[in-house]
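Thanks for coming. I have one model to show today, so let me put it up.

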Amino acid sequence: LAASAPEWLAHLNPPQREAVLTTEGPVLMLAGAGTGKTAALTHRLAHIVRERMAWPSEILCVTFTNKAAREMRERVAKLTGGALEGMPWLGTFHSICAKMLRRHAEIVGLQSNFTIIDTDDQLRLLKTLISENDIDEKRWPPRMLAGLIDSWKNRGLNPADLDVVDNESFDNGKGQQMYALYQERLKSLNACDFGDLLLHMLNIFRQHSDVLKSYQQRYKYILVDEYQDTNAVQYLWLRLLAQERKNICVVGDDDQSIYSWRGAEVANILRFEKDFPGAKVVKLEQNYRSTPQILAAASGLIAGNSQRLGKTLWTQLPEGQKVRVIGVWDAPEEARRVGEEIERLEREGLSLEQVAILVRAQYQTREFEDRFIQIGLNYRIIGGFRFYERAEIRDALAYLRVIAQPADDLAFERIYNQPKRGLGQKALQELHRKAVGGGMPFLRAAYHLAHGDELAPRARNAFGNLHDMLQNWSLMAETVTPADLLRTVLEESGYDAMLKADRSAEAAGRADNLVELARAMEEYETLGDFLEHVSLVMDSDRGDTDEKVTIMTMHAAKGLEFDHIFLPGWEEGVFPSQRSLDEGGLASLEEERRLAYVAITRARRKCTIMHAANRRIYGQWTSSIPSRFIEELPDEHIETETTMTGGKSLWQANWSESEDPFAHVSTSRPDRSSARGPGWQRALATGYDTKQTRVKESTRSAASFAAKPRTDVEMGARVFHEKFGYGEVIGQEGNKLEIDFEKAGTKRVIDSFVTLA
Ligand code: ATP
Ligand code: MG
């Protein structure tokens, strides 16, 4: 088969070609990072189209992110000579299901213009339901219910499908009822949440065999990338669709399964051969992405996991540089250091597009944003709703949502008094009463209130004006572009004026963001299209041409590659995350390790790992311990360095010279210039950053950085801890002390936080 491959596939290796050319029947491509799985899948798609085995509209292709879908679309267009007129069914599970659901919305009691609500709306809705049902919100917070409902939806469970254990997990048996109420409420709002997109479609397929049949017929070929991260509902949905023709090709890597917290089940990949007997299994072993050094470091790390299939990877690329591990003082220095390195790369002629900073948690990005803005380095943030999360953006979107879908009460509630129209709590209560009493959306209720006598004239007027404006804009929406509509809305609603009246720098930034939003909307013909894009797309970088450094989470980086990767914050509690450590299970730690594997294997040429000695967590400065993953990297493939010119040894020397190795938890920033010892003096003399702005309040040594256990505290010693007070040492393990505090009870603390009392 492979031998007779056409010319345009010649650059693929034999197993890749096999995966491309075996178009009939089930195929499982199981292989490590950078082995060309996605490349093979893309060629397979192009091959099917080129050979006219199916029209583009007869192929279902699932990618993990919208960005990946975009890239695949572009590549396929190239490979097929651009003849391809769109690929309507190429996208993420969510975007594909959203499109399907709009066609069949009435089956599940929605209209085709339903709104897709986000987490924020979801939480507000659940909060209302919780209080309406006299549930103690403190004990059973909305966030918890949201998490449960999401997990049920991820498993394909409707309220009626919950078992006793599921049901018991919220307010002793109220889970099912609340879930059902939530679904009903969504329906009355003509809305659904993210999880519903899949669940509704699964329900439709299960209950309406004619609909299922039509899709089974339509899709001659099904392709799925990143299969290891599908959850149950996605798996069930796919299995139904593929059952008829069985021309399904899935690709994945068990070592890159990093979404189990969102219900992904790596078992799906292992089950494939059972579900589709006779499936062809293709393994790829040659890595085309990373240098041997990077590959060996990543492979060495992932070898520490017990739960894996195990596989061989090799590469023909030149040796390359070792993975660098750099220790810095704190997060600002980390950002400064990365900024300097990137500026240097830029001077050497490297495109910023080839540089990415991958963080474990969203909050880590801010430090880099601040720094990069300061030095004028272009960057973009991908992988979160960051841009769309900003208050002014959400306000603008809420206006647009009400215009597009007048029954969108959640959106209406957000803007009814934004900017201020003198509508207070009383007006809102009346609005609720009217809407519930009359079984009508808020917008209509506002109209009735404007013409009734329940409210004072001022409030009546305000509601009347708002209603009329929204009605006008809705008419306008039919004739003007979405971007022009937004500009009109911002002006006529008084939103622009509100920002202008506010002279703070922040307000100016907000106005800029709104301008940016209008710019983003230019690309869309209809308001509906744009709103759909917003609810589905997570990256805010479309359509700009400047070269930029990418900042994103490790999770969002899956499937991508860059020449240079920076991995900051490799410290215990940051990465692996505190949560994974608290849960303590092997499974959660192994998932963190897979995440580390994903992160390192994004790098083509160079990978730099960083860890800071001090970090501010929840407003308090704490010393950090380097991540265990650093320790686990094979020595021969890494080189360590600290910003203290003398390298690691200097830190260690400093440890022994520092006669006073303790520190306090402090809300002011640790000041390295107050640290003692010749090591520090030397470091200071060699250009260590001693910004004047630092507050000299707390003493801090490098002790905790080296993570050496203290030898001066014995069992039974009386100690003092700034936060927990006095206590007695009852246990010691490494640099952690178990202390029985007089007031705070027994706690485990890092030894550098206590003083002998
Ligand atoms: P991941 O597991 O990270 O998703 P992957 O297995 O999907 O990785 P790809 O992204 O498809 O790997 O490929 C990695 C890199 O190798 C890409 O730059 C791709 O263009 C290149 N590549 C893939 N196959 C070949 C090949 N046969 N010859 C040369 N380069 C290749
Ligand atoms: Mg891939």
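Predicted model: local features only at pLDDT ≥ 70, side-chain atom pairs only at ≥ 80, totals over all residues.

Residues are numbered from 1 along each chain as its sequence is written, while chains are lettered from A and ligands numbered from 1 in the order in which they are written.

The protein chain has 31 helices and 21 strands; these are DSSP runs, H or I of at least four residues for helices and E of at least two for strands, numbered from the N terminus. Of its 757 residues, 44% are buried. Buried means 20 or more other C-beta atoms within 10 Å of the residue's own, exposed means 12 or fewer, and partly exposed is in between, with C-beta atoms placed from the backbone. Among contacts with a separation of 6 or more, 74% join residues 24 or more positions apart; a contact is two such C-beta atoms within 7 Å.

Now the site. An unreviewed UniProt entry annotates a "binding site" that includes Ala 31, Gly 36, Lys 37 and Thr 38. Such annotations may be inferred rather than shown by experiment.

Ala 31 lies in strand β1, residues 27–31, and counts as buried because it has 24 C-beta neighbours inside 10 Å. Beyond four places in sequence, its contacts include Lys 37, Asp 253 and Lys 311.

Gly 36 sits in the loop between β1 and α2. Gly 36 has 22 C-beta neighbours inside 10 Å, so it is buried too. Outside its sequence neighbourhood of four places, Gly 36 touches Gln 16, Leu 284 and Tyr 288.

Last, helix α21, residues 457–476. Its 20 residues reach 28 Å from first C-alpha to last, close to the 28 Å expected at 1.5 Å a residue, taken as 1.5 Å times one less than the number of residues. Its buried residues include Phe 463, Leu 466, Leu 470 and Trp 473. The face turned away carries the exposed Pro 457, Arg 458, Asp 468 and Leu 475. Cover for the buried residues includes α17, α19, α20 and α22.
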